[in-house]
Structure formats: structure tokens, C-alpha cells
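This briefing covers backbone geometry and helix packing in one structure. Please keep the sequence and the model in view while reading.

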Amino acid sequence: MTKNTTKVDLFWGYGAVEAPPGEGLAKHWNWLKAQTGNNHPGAMLPFGWVTALPYSGAYPTGYGRNGNSCEGKPPQVSDTAAAYGITHFHPSGTGYVGEFYNYFLVTPCSSGCDCREISELKDEYASCGYFSGKLVDYGVDFELTCGKFAALHRYYFAEDSGKIKVDITQLGLRITMGAYSEKIGAFHGEAVDNGIYCGFVNAHGALLYYAVCCKGGLKRQKFINGVITFELDGTQAECVLAFSLVSEAEALERVKLAAEKGFDAHRSAAAQAWEELLGKICVNTASDDKTKLFYSALYHSFVKPCDAGSEFIDFQTMWDIYRTQLPLTMITAPETARRMLLSIMATIEKKGFFPCCYMMSMLFAKHDVQATALSVYTFCDGFFSGVLTKADYPAMKSAIEKVFATASLEGKSPPHTLDLAGAYHAAALIAKECGDSVTAEMWEKESSVWKKVYEPATGLLISNADYYEGTYWNYSFRPHVDMAERVALAGGQEGFEKLLDKFFGFGCTDEYSCTRPLIDHRFEGMNNESDMETPAAYLWCGRVDKQALIHDTIRKNMFLNGSGGCPGNNDSGALSSWYVLSVLGIYPLTGTGMVLLTSPEIKSAEITLARGVLKIEVERESASSIYPVEYTFNGRKLDGAYLPWSELASGGVLKFVLKDEPDGSFCIPDWL
């Protein structure tokens, strides 16, 4: 059987969007945000803290040729691939998150080469856990791989002598971004042995301890102004960098263990780790191209958050990943997800809240312009998926109470109110299931806060308020608590459906001057995550067929193979995980304990869960059928297009029957 790792394109979604002009509904969707995925192909483990990647200084990962972009195609900062060397720790798929990492610039060069200027980068190759290439102007070929706490470099010099420079002050990007600093001001380093240094850097208020080991014909070494220089004999050398958030001693122990294990063993272990994770989902698709796209998206869904050993960090866009990426992690990597959720609880106990963007930094805030109490949704998803249990309830309750105590809505936009309403409902579901009826009733009562932010005259959110990354339309169709009342507010099912149709462009005949237009008050079509769950709102109109058509239209028009295949900033795996779940036909609706059933693209699939195997079977009237007319689970016909996550988590056979035209009837959900 072909390994799933061989189906992954690590370069997927790092460049400018290359999607052709939209067809059908997609012609009428809003392209509000940057048209690039901003992924990176660096060497790393799944959820790996340490990454290694050629550094060009470009936005936002330090790799490639992208300039700063918030909307439209990104500008290019160079005509060719180039790099100053190798850096470590990289964001994934983000826009401007404030701290861009790219620590510890390692620059190798052969004797006589000038490494003060950027080098041409050629022969780039990446596979899961591995990256290689050639720094032409530096006279060096290189290979990179990573372990959990270490990066390993292997260099091949054009001459019998060369240098390896390790700049421990490197931080961030070289492109101009306001007052952003690229250098670390506070650092320490000292030699502890021949070829070994250790110390710490203080970046954004966080202490990062490091150790560096150089092997191969070492002639001399020195440390001046934050730069370690190793002068070498011979044509080959290896450099190992290890890190800790705890102590120099731990970093030093880790570098010795990594150097002893060696490059090849680390590369093999990294590939195996990726194979085990990607192998949790096996799909049968219509073509090799579809299979490649699926596994490329699946890979890029598992790079964040990061397991740093002492805690999980790099929830770089919690407002995006809580919807799809974290639920997908709970499905495929439950042990990792459990440690992640326990780490979130520990962070809340320590800080009194969970930052909306929690990185390797002390510069974080309780709220953002678009997020409130999102960790509570994640606890709910973890509980109903089986990642957390009733035994965890005391710790969950304590964390949830602290989150609610700091979740002020003063000065915040209406989506914050919806966030909080959903969080209260999610918390009430957990409390009720754990037998804490008094707390459940109290939290459920608080969830009615959503009623304050709608305009009865329009059936939409209040218009005279500030909205981030969208308009009041983008946030008006989010499924939330008391959906029957919310639908009634819009004039009942017929009125609600008319608003949805206008939002998604049904019946629209407008023509536009460009292929990716800015159209106010319209669905963002996975160019952004702010309205990614809105297709599900059609379930409350009894229109499973329209939800299916939108999913199919998104997949066909917005996602494709190649460096330009991701329709917008992937934001730590948010968009790629949406695509993966859509292809499978399942959508865990965060904070509800329910999994929605959509319209799968696959022929069949098997998902290895913690408590069993979920087999997905798809019966189609024809190859192009997309409209669900029947769902069954373990032979039982389902009345609605949903299942409790707790039921699905034990595995079984989920069957979709799809036809060319809609003719099915499904009950409207009554659990929200």
C-alpha cells in the first residue's frame, strides 16, 4: 500500500492563489482577505514546536517571496527563490500575528564565499519531516530534519573548509512592517565544550533556552555579538540545535541526545510519525489529484498548535482553529488533543484566562477584536468526543468559571456576544452531562445574551457596530443557541432562507469587473474563516440540499493543488481542516456536541478513532451526484443531517446516499 506521506505536497498553499475564475455561486462571493495560504514546507514533526526552513525574511513565515498582504494577491519581494540560511520556529498560514519567530539564523558557507548577502536557493525538496536544497552563492548543499525538541542540519561544502554561523539574535522578518524589530536584544551564550554552546534569548518577554552542537572537522569556534562561528575542515558537517522553555541544562541534555541519535534516525522517525498520523484517515477518491489535495490539506492541518514539552503553545489564531482544526485533531490524534486541552486548562489556572493568540511570548491579551471565551467551545468538543471525561469536570469547571469571569463584552462587537452566548451553552451541556444541574441551569440562562445584538426589523445583527474581517451579514447566520427563536426573528423559515439565499448569491445575475471581486454583505467562500460555518444554517430551513451545493461549490472553486491551492490565509490549519472535513462529509459543529452531515466528495473512507473505526460509505446515483437523500448510521436511517459526536466517536458505518437532484426530506435540528 502506498504511504500517505508520499501523497503530500508540503509546498501546498504557500504562494499566491491561482484558482481560476469562480463558477456558479462562487462568482458572487467576497474575496475580502489576502489571496495566499501563507503555509510553509519546513521540516518538523506533527504539532512540532521546532521547525527548520530556509529563511528569506519574507512574510509571514520567513520563507518564500511574499510581501506583507492583507487583501488581494501578495506582492513579491524577490524574483527568484533565495535565502540567508536556515531559521527555526515558524508561524503557519497566518497573516499579521505580531510575533513572527524565525529564530536562530544558521548560515553555512564554503571558504571564499560571501555570506553577507542573500544566496540563490535551488533544488528545493520537501517531504514529511525533511527539507533539502542548495545555497548556490554560499557553496553549500543542505539537509534538514527535526525531532521534538531539536533541529538537525547536514551540510555539504563545495570546498574542504567552510564556516557555520549561528546568529542567536535573529528574530522575525526582514521586510518592513512598521516598528517591527528583527533582532533580539537580550541574550546569553557560552561555550561548554568543544563544538557546543548553550544559553538563552529573551524574545517578546519569553525566555527560550538553547544549545548548539557542531560536528565535523572543527578547527576553531568563537562567540561575538550574539553570533557563534564554527570554522571547519572537510566537506561535510552537521549542526544540531536543541531548545527548552525550562532551563539551559535541559536544552544541553536535549542537544546531546539529538546528536547521539543522529540525522538519519531523526529523519526516519519524523517520517514515521507523519505516516502514523496521516494514516488515521484513508480515503478513496475520484482521482490521484483529489487524493493529493486531500492529504496535502490534511498535513497542513497538523502543524499547530505546538507541543513544546512543558506546555502547548502557538494557538496563533484561536478564533479560527477552534471551529475545525481542533475538532479534527480530536478525531485523529486524541492523545495529543487531550494533552493539549489539559495544557489549556493549566494556562487558564495560571493566567486566569486563555489568550486569544497564545504564542511563545508574554505579549498576549484576554480578548481580540474577534474572539471571546473560545476555549470553552474546545472543552465542550473535547468532552463529547471522548478526549475529556467526567473525571476532568472539576478542572474544566474551574477553568470555565475563570474564563467567564474575564469575558467582558464592554466595547466589543456583536460577534463577541455570540461567542459568549455559545460558550455559555457549551459549558451548560458539559455541566448537565456531568450531573451539575444547578450550574448547567445558570449557564444556560446566561446564554440568552445573544438576543441583545439582533435587529428584529431586519432579522440580522445590528448594523451600526464595528465588525472585523466581514460585515454584520457574515456573522448573522452562525448557528447558535435558541436557533428556533433566531429563525423566527428573521420571519420564520421562509424569511430566514431568503436572507441566506441573498448572502450566498442564489439568484444573483450581477457581473463584475474582476474574477475575485470585493462584494460587501456576501459570503467569503473560504477566503476567510469568519463565516465558515454559515452553510450549516440551511439545516434550520430544512434545506440540506443548499448546504450540499455550497460545500460542493467551495471545494470545486476554492481549493486546488499546488503552491496557490489554498484560497486564503490557512491560519494554523483552519481552512485546510475545513476542506478535509467537507470532503469526508462531516462537520463537528463546535460547542454543541453534534456532528453535522454534509455532502462528501470521496467514494469511501476509513477513520481510525480512539474507540473504533468509522467507515464512510457513499452511494451515488451518478459520478456527479451531490444531493443527500438519505443518511444511515450502522444501518439506522437518520431523521436529520446530524449525529451526536459521542455516538460517532465509537466508530461504525456512516452511509451517505446522494442523487443528482434534491428529493430528500430531513427534520430540522431541535438541539440548538
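A residue is called buried under 20% relative accessible area, exposed over 50%, and partly exposed in between (1.4 Å probe, protein chains only). The model is predicted: local features need pLDDT of at least 70, side-chain atom pairs count only at pLDDT 80 or more, and totals for chains, interfaces and linings use all residues. Residues are numbered from 1 along each chain as its sequence is written, and side-chain values use heavy atoms, with hydrogens and water left out. Helices (H or I, at least four residues) and strands (E, at least two) are DSSP runs, numbered from the N terminus.

**Backbone geometry**

- Most residues other than glycine have a negative phi, and most peptide bonds are trans.
- Asp482, which is not a glycine, has a positive phi of about 60°. Asp482 lies in the loop between strand E20 (460-461) and helix H11 (483-489), and is partly exposed because its relative accessible area is 26%.
- Ser572, also not a glycine, has a positive phi of about 60°. Ser572 belongs to the loop between helix H13 (544-558) and helix H14 (574-584), and its 0% relative accessibility means that Ser572 counts as buried.
- The peptide bond from Tyr59 to Pro60 is cis, with omega near -10°; Pro60 sits in the loop between strand E1 (52-54) and strand E2 (82-83).
- Lys304 and Pro305 are joined by a cis peptide bond with omega of about -15°. Pro305 is in the loop between helix H3 (288-299) and strand E17 (306-307).

**Helix packing**

- Axes are lines fitted to C-alpha atoms, for helices over the stretch in contact, and angles run from 0 to 180 degrees between N-to-C directions.
- Helix H9 (residues 414-433) packs against helix H10 (residues 437-446) at an angle of about 165°, with the axes 8 Å apart. H9 is therefore roughly antiparallel to H10 (angles over 145 degrees count as such).
- In the contact (heavy atoms within 4.5 Å), H9 contributes Tyr424, His425, Ala427, Ala428, Ala431 and Lys432, and H10 contributes Thr439, Ala440, Trp443, Glu444 and Glu446.
- Helix H7 (residues 374-384) and helix H8 (residues 393-406) pack at about 160°, their axes lying 10 Å apart. This angle makes H7 roughly antiparallel to H8.
- Ser375, Val376, Phe379 and Phe383 of H7 meet Met396, Ala399, Ile400, Val403 and Phe404 of H8.

Note on methods
Angles under 35 degrees count as roughly parallel, over 145 as roughly antiparallel, 65 to 115 as roughly perpendicular and the rest as oblique.
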